[in-house]
Amino acid sequence: MNKVYNNRAWWLILPMLALVAFSAVIPLMTVVNYSVQDVFDANTRFFTGTEWFKEMLNDPALQAAVLRQFAFSLTVLAIEVPLGIGIALIMPKKGWQASAVLILVTMPLLIPWNVVGSIWQIFTRGDIGLMGWSLRELGYGYNITASPVDAWATIVLMDVWHWTPLIALLCYSGLRSIPDAYYQAARIDRASKWAVFRFIQLPKLTNVLVIGVLLRFMHSFMIYAEPFVLTGGGPGSSTTFLSQSLTTMAIGQQDLGPSAAFSLIYFLIILLVTWVFYTAIMNMQKDSHQQEARDE
């Protein structure tokens with residue numbers, strides 16, 4: 001028996017599709033147009049084909065920025081995901097304590113990105129900043145303007161402080177959605193806390209972790225304001241990430257053709273890695289469900 005579907009509801013999303021086309025597709029096509037041309041002024045431009053793409057892919061500065069970007073994103077993900085899960089597990093579930101903790105955990109997320117950079121710039125100063133002054137008093141020559149290691153570690157710490165609450169809140173919502181019957185069955189079976197986490201809580205957190213990991217990867221891979229305000233990309237180019245390199249090329253140097261090709265490569269890297277993350281996590285979830293079915 002053939003089913004007849006009513007597709008008139010699709011008309012309701014046409015305004016949204018038109019808005020997306022205007023705000024995303026048209027600018028994207030403009031970038032694609034610039035990426036294959038050498039633009040001198042509004043009336044003078046020459047077709048270059050894939051020349052800018054080849055130049056960008058062979059640019060040592062761009063290759064170094066890509067490696068720094070991947071290192072930063074993987075580092076913060078490796079810290080924020082386990083830390084966010086741990087915070088969610090110890091957060092109160094009921095009472096005024098739960099509300100108070102939720103407010104405290106959410107506070108870093110409410111601070112604008114450029115303000116976060118300014119806060120940490122003051123916090124790390126050796127003369128008036130609590131962190132910088134304390135480390136110097138302990139005998140460590142902390143200086144983010146001279147030491148690439150200090151600058152890198154500070155940016156990672158700043159990002160962990162700013163965005164771990166997002167993972168914690170997502171995991172907290174996932175934990176609250178688990179029915180009490182699961183915990184009651186675990187208590188009857190005298191399951192350990194690790195067994196409860198491994199076989200009940202972690203599988204139920206898979207969906208929210210997919211969202212959290214994808215959001216954090218995409219944002220960390222596009223980070224700009226915080227390191228720009230804190231270190232300006234230095235010392236040297238040790239904290240110059242892809243977004244800052246792209247901004248310098250497009251706005252500072254006015255190289256429209258290379259920067260357009262650069263931005264498309266940037267976009268494709270984010271799209272590809274996000275797809276890999278999503279596929280890997282969903283395959284892990286599928287294998288987990290199959291294992292649970294075999295155990296039953």
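Visitor: Where is proline 235?
Guide: Proline 235 is in a loop. That loop runs between helix H11 (225-230) and helix H12 (242-252). Bear in mind that this is a predicted model.

Visitor: What kind of peptide bond joins glycine 234 and proline 235?
Guide: A cis one, with omega at about -5°.

Visitor: Now backbone angles. What is the phi of arginine 190?
Guide: Positive, about 55°, although arginine 190 is not a glycine.

Visitor: And where is arginine 190 found?
Guide: In the loop between H8 and helix H9 (193-204).

Visitor: Switching to helix packing. How do H4 and H7 cross?
Guide: The axes of helix H4 (residues 95-106) and helix H7 (residues 148-176) cross at roughly 145°. They come within 9 Å.

Visitor: Which residues make that contact?
Guide: From H4, Ala98, Leu102, Val105 and Thr106. From H7, Pro165, Ala168, Leu169 and Tyr172.

Visitor: How does the contact of H4 with H7 split by class?
Guide: Seven residues are nonpolar and one is polar. No charged residues take part.

Visitor: What does leucine 170 touch?
Guide: Val208, Ile211 and Gly212, leaving aside residues up to four places away in sequence. Leucine 170 and glycine 212 are 42 residues apart along the chain, yet their C-alpha atoms are separated by 7.0 Å.

Visitor: On to pockets. How much space lies in the second largest pocket?
Guide: About 280 Å³.

Visitor: Which residues line the second largest pocket?
Guide: Leu89, Lys93, Lys94, Leu175, Arg176, Ile178, Asp180, Tyr183 and Gln201. H7 and helix H8 (180-188) are the elements that give two or more residues to this lining.

Visitor: And how do the residues of that lining divide?
Guide: Four are nonpolar, four are charged and one is polar.

Visitor: Last topic, rings. How many aromatic pairs are there?
Guide: A search of the whole structure finds twelve.

Visitor: Which residues do ring pairs link into a cluster?
Guide: Phe70, Phe217, Phe221, Phe262 and Tyr266.

Visitor: What lies over the face of phenylalanine 199?
Guide: Arginine 198 does, at 5.1 Å from the ring centre.

Terms used: Residues are numbered from 1 along each chain as its sequence is written. This is a predicted model: local features need pLDDT of at least 70, side-chain atom pairs count only at pLDDT 80 or more; totals for chains, interfaces and linings use all residues. Side-chain values use heavy atoms; hydrogens and water are left out. Rings of Phe, Tyr and Trp (its six-membered ring) pair if their centres lie within 6.5 Å; planes under 30 degrees apart count as stacked, over 60 as edge-to-face and the rest as tilted. A charge sits over a ring if NZ of Lys or CZ of Arg is within 6 Å of the ring centre and within 35 degrees of the ring normal. Axes are lines fitted to C-alpha atoms, for helices over the stretch in contact, and angles run from 0 to 180 degrees between N-to-C directions. Helices (H or I, at least four residues) and strands (E, at least two) are DSSP runs, numbered from the N terminus. Contact means heavy atoms within 4.5 Å. Ala, Val, Leu, Ile, Met, Phe, Trp, Tyr, Cys and Pro count as nonpolar, Asp, Glu, Lys and Arg as charged, and the others, Gly among them, as polar. On a 1 Å grid over the protein atoms alone, a cavity is a set of points where a 1.4 Å probe fits but cannot get out, and a pocket is an open set with protein on both sides within 12 Å along at least five of seven lines; lining residues have an atom within 4 Å of a point. Grid points are joined across faces, edges and corners, and a volume is the space filled by probe spheres set on the points.
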